[in-house]
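Please keep the sequence and the model in view while reading.

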Amino acid sequence: MPIYRFIFFSAKHRFAHASNLLPRFGSSKRIQSCGYTKSAKNNYYKKPTGHPVVNVETQASRSSGAYFIPPILLGFGGLLAFLHYNDERRAVKIGKDSYTGSDTAVAPIIGGPFTLVNSENQIVNEQDFLGNWVLLYFGYTSSPDIGPDQVRIMAKVIDTLEAKKNLKVLPVFVTIDPQRDTPAQLRAYLKEFDPRIVGLGGLVSAVRQMAQEYRVYFKKVEEEGDDYLVESSHSMYLIDPKMKVVRCFGVEYNAEQLSKEILKELKKHQVNA
């Protein structure tokens, strides 16, 4: 059969099939589908082959259902693609260590620029801490239990590293309650633990921005009267002289364990006394 005739009959067949899907208008909504075959010898038609009666509306609805399946599959596929992209975006990537040059896991970016006020009522920013190893803690002076314990651990760690290993790490305390923790309040509070601890506060918006950059969670919890507490993640960060976060520590570390872990990091980055 010539190609053009094949294309013609194929298109005609598809058009006839599509026209059967259109809704019928009129009194009758059911049709009889019969098959006739013509005999070349006897020139007569055989009886219907007995195909069942087909409801046009049912057939159209079933056929139209097939056209709704692809969009559903596409939507499901799109959802899977979005979840995969989100996982890839949040995944820890592999990169080059800035100190050793070897392949290492690069954590999500933590930290960033900030402008706060220290306990001497002076404006400071991240540039003022360049060239120093920093042990950073977010807390507040009215914390009833965990806060003072963490500041005490910080002071002991700094003393251990400096006295026994001759390594200097600058302790920095950032308040998450700047409304109550004024520069004078910070100075008096930190002096009870170690006068070397630098206290930082300032505007509420500035403190909130820095906490967000360092992925610090905190929330005010109202108490009786005008009193309140502040829930916090109580995270402590070891920051290198380029103001990049090297390690994050939780409350599960005591002073001895924290000293050993910080010493490992300093040796890893070849810090000389």
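This is a predicted model: local features need pLDDT of at least 70, side-chain atom pairs count only at pLDDT 80 or more; totals for chains, interfaces and linings use all residues.

Residues are numbered from 1 along each chain as its sequence is written, and side-chain values use heavy atoms, with hydrogens and water left out.

**The sheet**

- Seven strands form an open sheet with mixed pairing, in the order E6-E5-E9-E8-E7-E12-E13; strands (E, at least two residues) and helices (H or I, at least four) are DSSP runs numbered from the N terminus, and two strands pair if DSSP finds at least two bridges between them.
- Strand E6 (123-125) and strand E13 (245-249) stand at the edges, and because each has a single partner strand, one side of each is left without a neighbour in the sheet.
- On average, and with direction ignored, neighbouring strands of this sheet are turned by 35 degrees against each other; axes are lines fitted to C-alpha atoms, for helices over the stretch in contact, and angles run from 0 to 180 degrees between N-to-C directions.
- Strand E8 (residues 170-175) and strand E9 (residues 198-201) run parallel and are joined by three bridges, with Val174 having Leu200 in E9 as its bridge partner.

**Strand E12 and its partners**

- E7 and E12 run antiparallel and are joined by four bridges, and Leu135 stands opposite Leu238 in E12.
- E12 and E13 also run antiparallel, joined by four bridges, and Tyr237 has Cys248 in E13 as its bridge partner.
- The hairpin of E12 and E13 has five residues between the strands, and Met243 takes a positive phi near 65 degrees there.
- Both faces of E12 are covered, since Met236 and Leu238 on one side and Tyr237 and Ile239 on the other are all buried, where buried means under 20% relative accessible area, exposed over 50% and partly exposed in between (1.4 Å probe, protein chains only).

- Helix H6 (residues 255-268) lies across E7, E12 and E13, and runs at about 165 degrees to E13.

**Two buried residues**

- Ser235 lies in the loop between strand E11 (228-232) and E12, and is buried with a relative accessible area of 13%.
- Not counting residues up to four places away in sequence, Ser235 touches Leu136, Tyr137, Phe138, Cys248 and Phe249.
- Ala206 belongs to helix H5 (residues 204-213) and counts as buried at 18% relative accessibility.
- Leaving aside neighbours within four places in sequence, Ala206 is in contact with Thr115 and Leu116, and the C-alpha atoms of Ala206 and Phe114, 92 residues apart along the chain, are separated by 7.2 Å.

**Cavities**

- The structure holds three cavities of 30 Å³ or more; on a 1 Å grid over the protein atoms alone, a cavity is a set of points where a 1.4 Å probe fits but cannot get out, and lining residues have an atom within 4 Å of a point.
- The largest cavity contains about 50 Å³ of space, a volume being the space filled by probe spheres set on the points.
- Among the residues that line the largest cavity are Phe114, Leu136, Ile239 and Met243, and the lining divides into nine nonpolar, no polar and no charged residues.

Methods. On a 1 Å grid over the protein atoms alone, a cavity is a set of points where a 1.4 Å probe fits but cannot get out, and a pocket is an open set with protein on both sides within 12 Å along at least five of seven lines; lining residues have an atom within 4 Å of a point. Ala, Val, Leu, Ile, Met, Phe, Trp, Tyr, Cys and Pro count as nonpolar, Asp, Glu, Lys and Arg as charged, and the others, Gly among them, as polar. Contact means heavy atoms within 4.5 Å.
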